[in-house]
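Open the model in your viewer and keep the selection tool at hand. Each stop tells you what to pick and what is there.

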Amino acid sequence: MITTTEQQAFSERLAQAMKAAKMAAGPTSLMRAFNAASSLPPITTHAVRKWLVGESIPTQAKLLILSRMVGADPNWLRFGDGEAEFTPVESTIEQREVFSAVMGLGRRELRAVLALALALRGVA
């Protein structure tokens, strides 16, 4: 059973890793970045808020994506094992740049970008 202490410790490590990765600390920005980086079903802002305030810990699959996003070892992020070493992940930087570039687009343009992204991933 996961304890409140474990959840709070995870929350603190996640905040530390996000800061090292120069990511915005809010749940909305993390949710958007996570959903952009993941092929899993989308997560909600509420779920991310619970991670950030120490109310829950993500599943293993989500934890692996988070660790890749922030450039942290998944075992350290989840359990605090080892040293806090952060490796900048180039794809994360590129994903954030893409996300920033599409923020101001209209609905029609966003649909076109989504269709292109899905086609490139072979999902369409």
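Select A33 first. This is a predicted model, and in it A33 has a relative accessible area of 18%. Buried means under 20%, so A33 counts as buried. The residue lies in helix α2. Now show what surrounds it. Beyond its neighbours within four places in sequence, A33 is in contact with M23 and M69. Next, draw a distance from A33 to R111. Their C-alpha atoms are separated by 18 Å, and the two residues are 78 apart along the chain.

**The aromatic pair**

Which residue pairs with the ring of F34? A search of the whole structure finds one aromatic pair. F34 and W51 form it, edge-to-face. The rings are 6.0 Å apart, centre to centre, with 70 degrees between the planes. The angle is over 60 degrees, which is why the pair counts as edge-to-face. Look at where the partners sit: F34 is in helix α2 (residues 27–37), and W51 is in helix α3 (residues 45–52). The pair thus links distant parts of the chain, 17 residues apart.

**Along α3**

V48, W51 and L52 are its buried residues to look at. They cover an arc of only 95 degrees around the axis, so they lie on the same side of α3. What covers them? Show α1 (4–20), α2 and α4 (60–70): these are included in the cover over the buried residues of α3. Then step past the helix to G54. This glycine follows α3 and has a positive phi, near 80 degrees.

Pick S11, which has its place in helix α1. S11 is buried, at 4% relative accessibility. Set aside its neighbours within four places in sequence, and S11 is in contact with W51, L52, V53 and G54. W51 is the residue from the aromatic pair, and G54 is the glycine after α3.

Move to Q7, also placed in helix α1. Q7 counts as buried, at 15% relative accessibility. With its neighbours within four places left aside, Q7 is in contact with I2, G54, E55, S56 and I57. Draw a line from Q7 to K50. They are 43 residues apart in sequence and 9.2 Å apart in space, C-alpha to C-alpha.

Select K22, in the loop between α1 and α2. Is K22 buried or exposed? At 71% relative accessibility, K22 counts as exposed. Check its backbone as well. Most residues other than glycine have a negative phi. K22 is not a glycine, yet its phi is positive, about 60 degrees.

Highlight α4. Its buried residues are L63, I65, L66, S67, M69 and V70. M69 is one of the contacts of A33 from the opening stop. Just after α4 comes G71, with a positive phi of about 75 degrees.

Go on to A72, in the loop between α4 and α5 (74–79). A72 is buried, with a relative accessible area of 8%. Which residues does A72 touch, leaving aside its neighbours within four places in sequence? A72 is in contact with A17, S67, E85 and F86. S67 is among the buried residues of α4. Now draw a distance to I2.

**The largest pocket**

Finish at the largest pocket, with a volume of about 720 Å³. Of the 19 residues that line it, select the closest to its centre: A36, V98, V113, L114 and A117. Then show α2, α6 (90–102) and α7 (107–121), the elements that give two or more residues to the lining. Which element gives the most? α7 does, with seven residues. Last, colour the lining by residue type. It divides into twelve nonpolar, four polar and three charged residues.

How values were computed. Residues are numbered from 1 along each chain as its sequence is written. This is a predicted model: local features need pLDDT of at least 70, side-chain atom pairs count only at pLDDT 80 or more; totals for chains, interfaces and linings use all residues. Side-chain values use heavy atoms; hydrogens and water are left out. Rings of Phe, Tyr and Trp (its six-membered ring) pair if their centres lie within 6.5 Å; planes under 30 degrees apart count as stacked, over 60 as edge-to-face and the rest as tilted. Helices (H or I, at least four residues) and strands (E, at least two) are DSSP runs, numbered from the N terminus. Buried means under 20% relative accessible area, exposed over 50%, partly exposed in between (1.4 Å probe, protein chains only). The arc is that of the directions from the helix axis to the C-beta atoms. Contact means heavy atoms within 4.5 Å. On a 1 Å grid over the protein atoms alone, a cavity is a set of points where a 1.4 Å probe fits but cannot get out, and a pocket is an open set with protein on both sides within 12 Å along at least five of seven lines; lining residues have an atom within 4 Å of a point. Grid points are joined across faces, edges and corners, and a volume is the space filled by probe spheres set on the points. Ala, Val, Leu, Ile, Met, Phe, Trp, Tyr, Cys and Pro count as nonpolar, Asp, Glu, Lys and Arg as charged, and the others, Gly among them, as polar.
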